[in-house]
Amino acid sequence: MSLIFCGAVLGGQALADPSHSAAHVALWPTIPFVRGQDLCQYQDAYGRTRAQQASDMVRLLGDLIRAGAEPKQAPELLQTLDSLIDQGRQRATGGFGMDVLLEGSFKAALDRVYELHHPQVRKVSFFNPTALSELVRVLRAQQRQGSLEAKPIEGLTGMAWGTYSFSPGCKGDVLVTLHLETQTGHSFNYQARGIPESVMGQIAYQVFSQFQKTHFPSQVTYQGKTLELLGAPGNVLGTTNSPRKAQFACECIQARLPTVGEYIYLNELGDWNGGVRSDKGLWALSQERVMAPEMPNPSMVRSIKEFQSPEIRYFCVRHAIGKKTATQCSP
């Protein structure tokens, strides 16, 4: 049965680019995982030189003879032990189910991350285009969802698949990659290493961060108006040693520095709801001032003269209805 993992449409809006802050992606529930090179066996075969392998073999033969084995029987005993090890590994890795385990672990881990952070809007979910009765029939037959009618396929906007390999070191770890590709040509790749039942937790958090975090440019509603978050020129958050330099940089992209109220509001929204955490460090304000949230008394608004060679962070904003048509910046 062919397996498909796709993004779908939520609310009638085709949104395949998660770099937009309002993007939602609904994923097809079946995730195909392809088994790659067994790095455990590869390291076992090529992790040592031929001379080192021969030396190890001679040492093992000596141990067997000292343990009472006949010299003629020692090579055969070594071959038998090696064969038993190979049989054990084949039984452990030859059956089906690793892809199902990784898929289920990813879904559960992603739900745990969302439960932990509680964002107002969930931007990654799983999409089921079939009726529940059909899902029950498929599960009773011990099958996985994999076939779609033509009509639901029209709503799919991307696909993803994964690979896994047994990690070098031969301690039970797997190296897993997850690839997401959207219809618009954007691709996202995630990788982690760990024991099979928990490795997908690392990847789930990577996916959550990619799609849920605030991306620039984006928009939020503040005091009844649309506020655009532009980031800093050439970066997401800018760093400088002077509020005047930060103000100049924002003016050159037809924007301005946030006000204290805007900083506080965006901090309350947080990184997962379209805002920006600004509760630590110094943040640039206009008129040669900075906001110091960790120094609230008597006021967290301070003159830059109170600090020597500070590291000041900033990003630029503007109201959507008041865009300038020409660059107006001066040092």
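I started at Ser 218, which sits in strand β8, residues 218-222. I kept in mind that this is a predicted model.

Buried or exposed, I wondered about Ser 218? Its relative accessible area is 5%, and the cut-off for buried is under 20%, so I put Ser 218 down as buried. Next I looked for what its side chain reaches, and found the backbone oxygen of His 215 at 3.1 Å.

**Whole chain**

I then zoomed out. I noted 9 helices and 15 strands in the chain. Of its 331 residues, 37% count as buried. The accessible surface comes to about 19300 Å², and 53% of that belongs to carbon and sulfur atoms. I also checked how far apart in sequence the contacts reach: among those between residues at least 6 apart, 62% join residues at least 24 apart.

**Disulfide**

How many disulfides does a search of the whole structure find? I got 1. The disulfide joins Cys 250 to Cys 316, with S to S at 2.0 Å. I read -85° about the S-S bond, which makes the link of Cys 250 and Cys 316 left-handed. This pair ties together distant parts of the chain, 66 residues apart: Cys 250 lies in helix α8 (residues 243-251) and Cys 316 in strand β15 (residues 316-319). I checked burial for both, and Cys 250 and Cys 316 are each buried.

**The sheet**

I wrote down 5 strands in the order β10-β14-β11-β12-β13, with mixed pairing.

I picked out one pairing to look at by residue. Strand β12 (residues 289-291) runs antiparallel to β13, over 3 bridges. Val 290 has Arg 302 in β13 as its bridge partner.

Which helices pack on this sheet? I found α8 touching β10, β11 (282-285), β12 and β14 (312-314), with its direction at about 20° to that of β14. I also found helix α9 (residues 260-269), which touches β11, β12, β13 and β14. The direction of α9 makes about 140° with that of β11.

Terms used:
Residues numbered from 1 in each chain as written. Predicted model: local features only at pLDDT ≥ 70, side-chain atom pairs only at ≥ 80, totals over all residues. Heavy atoms only, no water. Helix = DSSP H or I, 4+ residues; strand = E, 2+ residues; numbered from the N terminus. Buried < 20%, exposed > 50% of the residue type's maximum accessible area, 1.4 Å probe, protein only. Polar contact = N/O pair within 3.5 Å; in protein donor to acceptor, adjacent residues only side chain to side chain. Disulfide = S-S within 2.5 Å. Contact = heavy atoms within 4.5 Å. Areas by Shrake-Rupley, 256 points an atom, 1.4 Å probe, with all protein chains shown as cover. Pairing = 2+ DSSP bridges. Axes fitted to C-alpha atoms, helices over the stretch in contact; angles between N-to-C directions.
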